Protein chains: 2
Amino acid sequence: MRMTARPANAHQARLLRLLRDEGPRSRAELGDVVRLSRSKLAQELDLLVASGLIETAGLAASRGGRRSGIVRLSPNLRFVAFDIGATSIDVAVTNGELEILGHVTEACDVRQGATVVLDRALDLLGKLRDEGLIPQVHGTGIGVPGPVSFRDGMPVVPPIMTGWDRFPVRDAIGQELGCPVLVDNDVNIMALGELHAGLARAVDDFLLLKIGTGIGCGIVVDGTIYRGVSGSAGDIGHIRIDDDGPICACGNAGCLEAYFGGAALTRDALAAARSGRSPYLARRLESGAEITARDVAEAAAAGDPEAVRLVREGGRHVGQVLAGLVSFFNPGLVIIAGGVAGLGHTLLAEIRSVVYRRSLPLATGNLPIVLSELPGTAGVVGATRLISDHVFSAA
Amino acid sequence: MRMTARPANAHQARLLRLLRDEGPRSRAELGDVVRLSRSKLAQELDLLVASGLIETAGLAASRGGRRSGIVRLSPNLRFVAFDIGATSIDVAVTNGELEILGHVTEACDVRQGATVVLDRALDLLGKLRDEGLIPQVHGTGIGVPGPVSFRDGMPVVPPIMTGWDRFPVRDAIGQELGCPVLVDNDVNIMALGELHAGLARAVDDFLLLKIGTGIGCGIVVDGTIYRGVSGSAGDIGHIRIDDDGPICACGNAGCLEAYFGGAALTRDALAAARSGRSPYLARRLESGAEITARDVAEAAAAGDPEAVRLVREGGRHVGQVLAGLVSFFNPGLVIIAGGVAGLGHTLLAEIRSVVYRRSLPLATGNLPIVLSELPGTAGVVGATRLISDHVFSAA
DNA sequence: CGGCTTTGTTCTGCGAGTGGAGAAAGTTTG
DNA sequence: CAAACTTTCTCCACTCGCAGAACAAAGCCG
């Protein structure tokens, strides 16, 4: 009876994913969902119990006859998530149902390089382990802020992750933790988080727009992440808005990120503070504090007109790009997420207004554009979803 | 022994698609490709022969021992393609291997409405039938120039197809011809044509950019057409290029189609002719001829500077939109097709230049951008591919 | 308590598919 | 030209996955 067992066939994999997504279920209810004979279902469940992946948990209420036995994922199952952001690390541990049991966040500059940052992440995991939360790790999902070769489990020519290019993240962490590991782009794992626990649960094709230090887009086609041929799909930060816009770090002019996103917003906010156009931000600057995107959000919430104008402008530019993507991709849902999503409804209203005006009526007719309802957890949930999909699949 | 048989299981379907794509094959060679025991393979092939879908065709050359029997798709198989364009109808008939046996084209304005245009298409099919090319029709694929509800087999709120909205094209033609019918967007079927017979044969994820009366984009994900949630995916003609560009028929300003595409190019060519900026086009206009996109192509080929400038400008605008799509979608190939593709290498060079400059290096690093090598036939081949995939699938 | 319903378990049988044994057909070698 | 080897085809027995029937166990209801 090994605990590191994998499902032996597609039926077992299906049952595990069902128990993960729907929680404990009686054997009879499972029989209603999966098209299997009662004998076959009982046989596979018995094998899963014997393998230690699931266990029995008493009897369900009667449905008019004999009470059916409940099964659930083993409470000893643990998945680990590392969500590496540009300026932060999130580490979380979940049970088999992907419920977060422990979650720590720490500021950390990704440019310190792969070894430093990953060591820090492992330290944080050690803290959670010390709390006794982790009898054993069954899989680890990792998100990093840049393009990833999913097949190789490593970043490829990432623009902001100095010292990470082709570092074998998957293999290094797999060695360290002795469990299956998958690595993906941080935006992709956020999209998976929304697919698992957020507003996208019933949607097959959707976009997740993440506006933070950078601007990226997670693409879900038919319930699975679309990564493109080199793993860079969704990298929309440098889509052109205007030929004579601000110069971008990438060398071109008028990129979306040159207009909006962490650096651009800080730049504009600082200018507004210095010129005095924004009294709120000017006071902030005088008090000696650094001006960040968060301050703009507060200023806008406080009604500072220049801050509101900045957010509106940003929303307009994001909307212009998103409108094109909606026409092209015709998604069933668009979710706005990321640090700057704290700018909230002012931003959302502006984005909506542009998209609904500029995209095809057929594409926008039934298209919700919403803010993420998973602030801070979409990434880690998505990371565990990624690896659990892998672990809960036929060997 | 019915000729309208369908494969009875997934094995038979697989074998039929193999014979369609690779041509006649010996039983022994088939055994090398499909993972089936010799006995099982022989059994399924015998069933297919009995159903009339395939037939034996002599013996293959020896591979060192007994000669193996060759099988091929029945030469009586026929697929029909209707490729309805904005201003033309193409009707073609193919054999089971999707080789074109007969092909007729006729100018026809799609705005005459569904019944008129489809009757005309059926007339043209009648001509081919009179030539004795069509013993029986096993399936028909139809492409139309507008968004389609693939599930319902009908156009939905198509902008340029007056009199077609929700007309049950699939069911009407199915009734008329007594065979399976599928309807899709004309750009999607061109993409399928490239996937079957063109440069995209070895590529899983690619874009087909069609520049004609309108501008559209076929999206292939993992070897299958992506249609979006309402069937309008790829409708990129109204993506914004500039806020203060020409007013578009859609009501917004600065759409791609307002800059380039059939109507815009004709407009600009006429202006160039009238103003005398283009001597070539001016002569053309004086001779009483109508000025069309084709004239611009000829003028550019003849070295008329203003015509060349028009093509370059157009290519630049197309490239600006395509660059964004490439960053977002990260395809493995981009094919440029459509009537205006006659503008050829001038256009292609300009598009390439913009895309390679403006898209992410990771996305463009190994990205061929090429002209279609299937001038005039991509649509009809794709239409028959669409329906043959359906007919050659397990019932 | 007795009949009815639901659930769990055992057993038999079916159909798909594999792989081996030969027969058939060709090639190569002495 | 015959013998030996190779490849292909056909037939058949056997395995495996699975469904469904039959039966046993457990619970509801009057």
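Predicted model: local features only at pLDDT ≥ 70, side-chain atom pairs only at ≥ 80, totals over all residues.
## The surface near DNA strand D

Helix α3(B) provides the largest share of the surface near DNA strand D, with three residues.

Which helices each supply at least two residues here? They are α3 (38-51) of chain A, along with α2 (27-33) and α3 (38-51) of chain B. Sorted by class, the surface near DNA strand D has ten polar, seven charged and four nonpolar residues.

## The surface near DNA strand C

Now turn to DNA strand C. By class, the surface near DNA strand C has eleven polar, seven charged and three nonpolar residues.

Here the largest share, three residues, comes from α3(A). Helices α2 (27-33) and α3 of chain A, together with α3 of chain B, each supply at least two residues of this surface.

## Where chains A and B touch

The contact takes 34 residues from chain A and 34 residues from chain B. On the side of chain A that touches chain B, β12 (215-221), α11 (305-329) and α13 (361-364) each supply at least two residues. Helix α11(A) gives the most to that side, with seven residues. The residues on this side of chain A divide into 18 nonpolar, twelve polar and four charged.

## Two helices packed in chain B

Within chain B, helix α6 (residues 186-197) packs against helix α14 (residues 378-391) at an angle of about 85°, and their axes are 6 Å apart. Because of that angle, α6(B) is roughly perpendicular to α14(B).

Several residues make this contact, among them I189(B), M190(B) and L192(B) of α6(B), and V381(B), R385(B) and L386(B) of α14(B). By class, the contact of α6(B) with α14(B) has nine nonpolar, four polar and three charged residues.

## A helix with a buried face

To finish, take a look at helix α9 (residues 279-286) of chain A. Which of its residues are buried? In α9(A), they are Y280(A), L281(A) and R284(A). Seen down the axis of α9(A), the buried residues fall within an arc of 90°, so they line one face of the helix. An α-helix has 3.6 residues a turn, so residues three or four places apart point the same way.

Just after α9(A) comes G288(A), which takes a positive phi of about 90°.

Conventions:
Residues numbered from 1 in each chain as written. Chains lettered and ligands numbered in written order. Axes fitted to C-alpha atoms, helices over the stretch in contact; angles between N-to-C directions. Helix = DSSP H or I, 4+ residues; strand = E, 2+ residues; numbered from the N terminus. Parallel < 35°, antiparallel > 145°, perpendicular 65-115°, else oblique. Contact = placed C-beta atoms within 7 Å. Nonpolar A, V, L, I, M, F, W, Y, C, P; charged D, E, K, R; others polar. Buried ≥ 20, exposed ≤ 12 C-beta atoms within 10 Å, placed from the backbone. Arc of directions from axis to C-beta.
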